[in-house]
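Trainee: I would like to learn how to read a structure, one feature at a time. Could we start with the backbone?

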Amino acid sequence: MTSADTEARVRTLRRDGLVLSARHFGPDDAPLVLLLHGFPDTPHSFDGLIPALLEAGYQVLAPWLRGYTRASADRRARYDLMAVSADIAAWHRELGSPPAHLVGHDWGAFAAIVLAKQAPRQWLSLTLLAIPPFGDGMPAAALRYLPRQLLMSSYIPVMQSGASPRLLTRSGAAFVRGLWRRWSPGWAFTDTEFAPTAAVFTDPGRAWAATRYYRSLFTVHRRASREFQRLLVASQPALPILALAGARDGCLSPDLQRVLAERAGATHAALAQAGHFLHAERPAEVVAYLLPHLRAAADSAE
């Protein structure tokens, strides 16, 4: 591996009147790992994973979700998970459709679930960070965790309100910083680590686009919303699935994640000292689970 392989190349892709951006690492002829970020976050949260993936012989593409860059934030555009999933599929084609693994966190995990269910034979594996593999119904064992999850999800109606973009941008994205602290209570992140996210959420246009994802969840009059909900509850894809949780996750119940992962037959682990942003908090521990999963999935596909 050369020094050039470890440096990010910024790629762009035009779709739906937007200019999408991604960070690309590694040799073009290597197996691909797609790293898909969530809310409120950027591809930089994967910085701790990327060196290990490159050392293991992968190329890496880490796209920004549409709306998280200035050139992709437009009030005429769609901001929903079906649009994001189509963006990721387009990125994959742009790179020549190499053998690829899906790794998603938060919204990125939902997009990865959609892609895996739409075309499971197109991907080698699925890895979900802080989001369980939804589908095949809700097991009875999960019901006891739902009341607490409703409380943990109380931020969602706030994000759906018309005031949410102003809430996100004021005081240097203080609300977003508070979410990071609440969702990952043991993580003493630095201003430098928060800076890429602060740049997104202090921009009114990008903050507005980020809130549209929440508005789209329950707009059942829209075909894209109905299709997302259909795919979310559909049967699991025929892919090796790894589901990693942070035992201190303040956004999505670790117990609920465990029960749903077990129902799906996924390989599951909870990182004891991590919260919702486990891949940024404990990258070495995530890598210790991720690399064997990727290798085993590739071996089984041969």
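Trainee: In which loop does Ser97 lie?

Mentor: Ser97 sits in the loop between α2 (81-94) and β5 (100-105), where helices (H or I, at least four residues) and strands (E, at least two) are DSSP runs numbered from the N terminus. Before we go on, note that this is a predicted model, in which local features need pLDDT of at least 70 and side-chain atom pairs count only at pLDDT 80 or more, while totals for chains, interfaces and linings use all residues. Residues are numbered from 1 along each chain as its sequence is written, and side-chain values use heavy atoms, with hydrogens and water left out.

Trainee: What is the phi of Ser97, and how exposed is this residue?

Mentor: Most residues other than glycine have a negative phi, and most peptide bonds are trans. Ser97 has a positive phi near 55 degrees although it is not glycine, and with a relative accessible area of 41% this residue is partly exposed; buried means under 20%, exposed over 50%, and partly exposed in between, using a 1.4 Å probe and protein chains only.

Trainee: Is Asp106, with its positive phi, buried or exposed?

Mentor: Asp106, whose phi is also near 55 degrees, is found in the loop between β5 and α3 and counts as buried, at 4% relative accessibility.

Trainee: Which peptide bond is cis?

Mentor: The bond from Phe39 to Pro40 is cis, with omega near -15 degrees, and Pro40 belongs to the loop between β3 (32-36) and α1 (50-55).

Trainee: Which residues touch the most other members of the largest nonpolar core?

Mentor: In soluble globular proteins, nonpolar side chains tend to be buried together. A nonpolar core is a set of buried Ala, Val, Leu, Ile, Met, Phe, Trp, Tyr and Cys residues joined through side-chain atoms within 4.5 Å. Here the largest such core has 79 residues, and Phe39, Tyr68, Trp107 and Phe201 touch the most other members, while helix α3 (residues 107-118) gives the most to this core, with 9 residues. A second, separate core of 25 residues includes Phe25, Ile50, Ala130 and Leu242.

Trainee: At what angle do α7 and α8 pack?

Mentor: Two packed helices are described by the angle between their axes and the distance between the axes. Axes are lines fitted to C-alpha atoms, for helices over the stretch in contact, and angles run from 0 to 180 degrees between N-to-C directions. Helix α7 (residues 191-201) and helix α8 (residues 204-215) pack at about 90 degrees, with axes 6 Å apart, which makes α7 roughly perpendicular to α8; under 35 degrees counts as roughly parallel, over 145 as roughly antiparallel, 65 to 115 as roughly perpendicular and the rest as oblique. Ala199, Val200 and Phe201 in α7 meet Arg206, Ala207 and Ala210 in α8, contact meaning heavy atoms within 4.5 Å.

Trainee: In what order do the strands form the sheet?

Mentor: Strands of a sheet pair through backbone hydrogen bonds, either parallel or antiparallel, and two strands pair if DSSP finds at least two bridges between them. In this model, 8 strands form an open sheet in the order β1-β2-β4-β3-β5-β6-β7-β8, with mixed pairing. Each of β1 (9-15) and β8 (267-271) stands at an edge with a single partner strand, so one side of each lacks a neighbour in the sheet. From one strand to the next, the twist averages 20 degrees. One of the pairings joins β3 and β4 (residues 59-63) in the parallel sense over 3 bridges, with Val33 opposite Val60 in β4.
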